[in-house]
Amino acid sequence: MKMRKRGIMILVGLFLSVVSLCTGQSIQERIEAQQELIQLYSNHFSELCGSLFLVLLFVFILIFYWLRKKDGPAQQRPIIYGILFILILLSLVNLWGTLNWAWDLPSQYFNQFYWTNMKIAAVGGIILSLIAFLPLFSRESVVYTIYISLIKKRSSYLPQPASLPFFIPWTLLKLLFGMWLYSNMLVGLWVLGGNGLTLFSRDVTPLFGQLLVIGPSVAGALAMRMFIYCVHHLAGIVQYLAESYRRILSNDEYETIWGKVMKIFGVILIFMSASSLFGITGQYEHLVGPYRHDLFSYMVRFGAGISCMLVGGFLIGDTRRQKTYHMASALIFTVIATALAGYYSPDMRVLLGFFIGLVAFPFLYRIFWKELIPRARALTMPRITEPVRLTGASTAAVMVAIVFILIAGSIGSNLWLKPQHRKDPLSINADLISLELELNALSAGLDFDESYWEFPSQSEIDSLEDIEALTAENEGTFSIVRLWDSPHTKIRFKPSVGLRWMEMGDTDIVRFTVDNSLRQFWISPKNLNLEEILEGSENAWYNQHKVYTHSVGYIVADAQTGKFETMPWTDKNIYFGEGMYRDFIYDFQGHELQGEYQGPTVKPRLPLRNVFTQELTFYTGDVVAYTNIFDRASELFPWLYMDPDPYICVSDEGDVWYSMDLGVYITPSKVPLVKAPYVRPLLKLLINTETGEYQVYYSESNDRILLPLLLKVYPDILPLSDAPSWYQEQLRYPEVFMETQVRAMNVYHVHLSAYEKSNVSAYVHEEDFFEIPSEEDLRHLLQTFFGREEFVSMITVEFSGKKVPNIAAIWVVENDIPTYGKVHLIRMPSQAYEDLRVIGTSVVPNSLTADEEVSYWNRTHEGADFGNILLYKIEDRVYYFVPFYTGSEKTVTLQKVACVMGITGSETESRKVGFGDDAVTAFRNVQLEILASKVSGRDIGTYSEAMEILAGATVQGESMADILSQMDWLLEQREAALAEGDEVAAAEFLEEFFELFKKLLGITEQTP
């Protein structure tokens, strides 16, 4: 009777909690809870399995409650049945919502891609569920034990197999729960791609691939299997102990208890040792791990765990058939484990630890068991029966034996192998270190060209004529120096948004070919400002779904001049973007503000739809969904990692698209010896901002693991070479992927680098390691690094752990077809530690502060601020160009440009800073300081001081500074005339320029 009351109370409490959850929350709280639940699931298949599991679970409870109560008092049935019917109804509503959200719309929007995703999720979920929950032979169940205890009084507490009417539906429920819990698309991709398990392969790539891709999920399912295994045996132990209070157990029965205890400890010991068997070396920053001397102790634990399982298998079982089965399974498991240990052990010294643990455990257990059993029998404890005392003694013998094994393994590794490891770790562990370096290089994706920039110690500028010739020869480089950065461009863009219901989106750098000239632009879309629309509005639903369905327009500015640009596509509608774009019902096509949607819509196939995440509606008209491009991309490829910084591309026809990069980002925390994350950009997704149309391409990369699987499973994905030519001209390497790869390659580049020492030695001693300076960021910009003008992605790095912040190298990725994705490691001069150095970006602000002209200008201009510090190579030197602005939060103006000499070390070329109205003037002023230093024989650090030296003589009463100022003015006028198409005036300005140049040469000839 008490048990019945408890059951009723539990069901009532469950019902009240569900009702309070559904009725006690506000609509917004339920929306947030629903969205969090959606994010919890990895794919639609797992959510569908979860919804089905809830329905079938309550049906299962209802059926077996009816079987239990069909002969009981009738007055109790309506209450319990009512609660169960309500729970079933709620779970059916949840299933219906799941079908609406996770099946209807995605299947219509994404067609073959959606069903492919469902297929690989189903395959992965079924495989992992079978690993975790499928019973192989035994029908004994903890749940059945509880159930049978509730429905009738048992004649015995001993374990008994579940009846088939219970066993079959309960097994199916467990498998469905496993598919909900463990649904994994990577496992399905691995299997459908034609791969299997290759435990005995010596090929590093497939072995690493299976450990990386399916290893963690399979390990999680196996951990669940081990947990269930231990719970099952623990329940059996409790049942036997309960039976011992009823009668005296036979010898076979209490030996079964000891066997179950040993199997539990054996599984725990195997799990503890296998998780670190091959020397997992810890966090990413810990570069060199314990290696071989710790492998010995891990092997001792592993052998002891196998031996514990083996001995337990000999003892367990009440009948001869059961004993034979358990003995056979234990022997088979031991043989397989021994083969794996022998196959993967690096040498006999380590493998010996496995056999020591395998032999030592039964020997020690036998000794302690003989000592403890007589004492247990001799105890006089009336309330505790002899089988219980014997079980306790046997358990104590197992635990003491395991403790001795662990101590012996630790002492053995420290006394036998550790002294050798300390004496010569490089030679003792050379093969393991080499393997670790190879595996991490594979994970980091090392594939780069290495080159050196060697700089002469002295400049070859000896006259003003040399300066003007150098400036003229590099006119193309000066034309691509980017003077506007993202933060200051955003300030400039803000007043252009105009309307309260729109806001400025993310500002991205792109490049277009305009009038046969490659130029850089900052672009920002105008997004919906939904907070402004909905805040305090009585017509919030109408505003969001009927009128404010989209935003309009883009803001574009030249990245060099800051001039706003108006192009044919800048007033396009934006229905699909990265801002707060929401799904909406679309039926009144003429009721939109500033535009009319022309893209595809979807008509729901089910009569009741939860169209929005905001509210439940019975409306069944056409809908536009997945308007947020991140939602759209995650529906297409939920198992891939998205770069959070998509950018805008424009077709030749004026259509605007978002380019999104998707790839794989896996942290190999459970892969032996590997610390570098596996990061590869794999796919490029184009999404039309007006219609939502999408195109998917893959880029050829050095990924030999996932890309082949992806191309087998998704045959509709096209190579990047088949992409439109306009898109190929606007490619950009994904930022997050490059930054993560660079952090790994900063260490593991020693595997392929032409460093003066061996790669293993450099790795162990942490030599030639790089790090990204805290002030540095990834840059996408036009450069002339490889003898041509091209758009590259670059990031500078310094030597790791060095106090002097000098640039060690530059990682550069090309963005133009056909070399898209090609990585270069450009090293700075070999004299980096001696006479010649390249200062880092963190040093440039100090150089600017120390310069008198820059410091004076900063003091005399309110709101002065400087922008990005960008590195450019001009001839045989590198220079930093830094723009200076004035303004406030509402407006900003480019005022000056500083050019900082990147190379220091020589007596006459330290801390040179040029300051002028544009990049050309700033560069020329640096060269004037260099020339003045050569002429005077001392370090000249300011432009004014250089002028005093170089302008000591005058021609016809004009100083050198005046002539240079006039020359700059003439160049500006010539550029303005060319922009207006007045070639005659431009030619006249150029003629006057050369006249002044001849006069300037006269001054330099008189300069002492």
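**Exercise 1. In which strand does His 824 lie? Describe its surroundings.**

Solution. His 824 lies in strand 20. Strands here are DSSP runs of E, at least two residues, and helices are runs of H or I, at least four residues, both numbered from the N terminus. This is a predicted model: local features need pLDDT of at least 70, side-chain atom pairs count only at pLDDT 80 or more, and totals for chains, interfaces and linings use all residues. Residues are numbered from 1 along each chain as its sequence is written, and side-chain values use heavy atoms, with hydrogens and water left out.

Next, take accessibility. His 824 has a relative accessible area of 8% and is buried. Buried means under 20% relative accessible area, exposed over 50%, partly exposed in between (1.4 Å probe, protein chains only).

Then list the partners. Leaving aside neighbours within four places in sequence, His 824 is in contact (heavy atoms within 4.5 Å) with Asp 449, Phe 786, Ile 810, Trp 811, Val 812 and Glu 814. With Glu 814 there is a side-chain to side-chain polar contact of 2.7 Å. A polar contact is a pair of N or O atoms within 3.5 Å; within protein, one must be able to donate a hydrogen and the other to accept it, and residues adjacent in sequence count only if both atoms are side-chain atoms.

**Exercise 2. Trace the salt bridges around Arg 827.**

Solution. Start with the pair. Glu 450 and Arg 827 meet through their side chains in a salt bridge, 2.5 Å from N to O. Glu 450 lies in strand 1 (residues 448-452) and Arg 827 in strand 20, so the pair ties together parts that are 377 residues apart in sequence. The criterion is a side-chain nitrogen of Lys or Arg within 4 Å of a carboxyl oxygen of Asp or Glu.

Arg 827 is buried at 5% relative accessible area. Glu 450 is partly exposed at 24%.

Asp 768 is linked with Glu 450 and Arg 827 in a network of salt bridges. Asp 768 sits in the loop between helix 27 (759-764) and strand 16 (770-771). Asp 768 is buried, at 7%. Its phi is near 60°, a positive value in a residue other than glycine.

**Exercise 3. Which residues of helix 23 are buried, and what caps its N-terminal end?**

Solution. In helix 23 (residues 629-636), the buried residues are Ile 629, Arg 632, Ala 633, Glu 635 and Leu 636. They cover an arc of only 160° around the axis, which puts them on the same side of helix 23. The arc is that of the directions from the helix axis to the C-beta atoms. An α-helix has 3.6 residues a turn, so residues three or four places apart point the same way.

Now the cap. Asn 628 caps the N-terminal end: a side-chain oxygen lies 2.9 Å from the backbone nitrogen of Phe 630.

**Exercise 4. Locate the cis peptide bond.**

Solution. The cis bond joins Ile 817 and Pro 818, with omega about 10°. Pro 818 is in the loop between strand 19 (807-814) and strand 20 (823-827).
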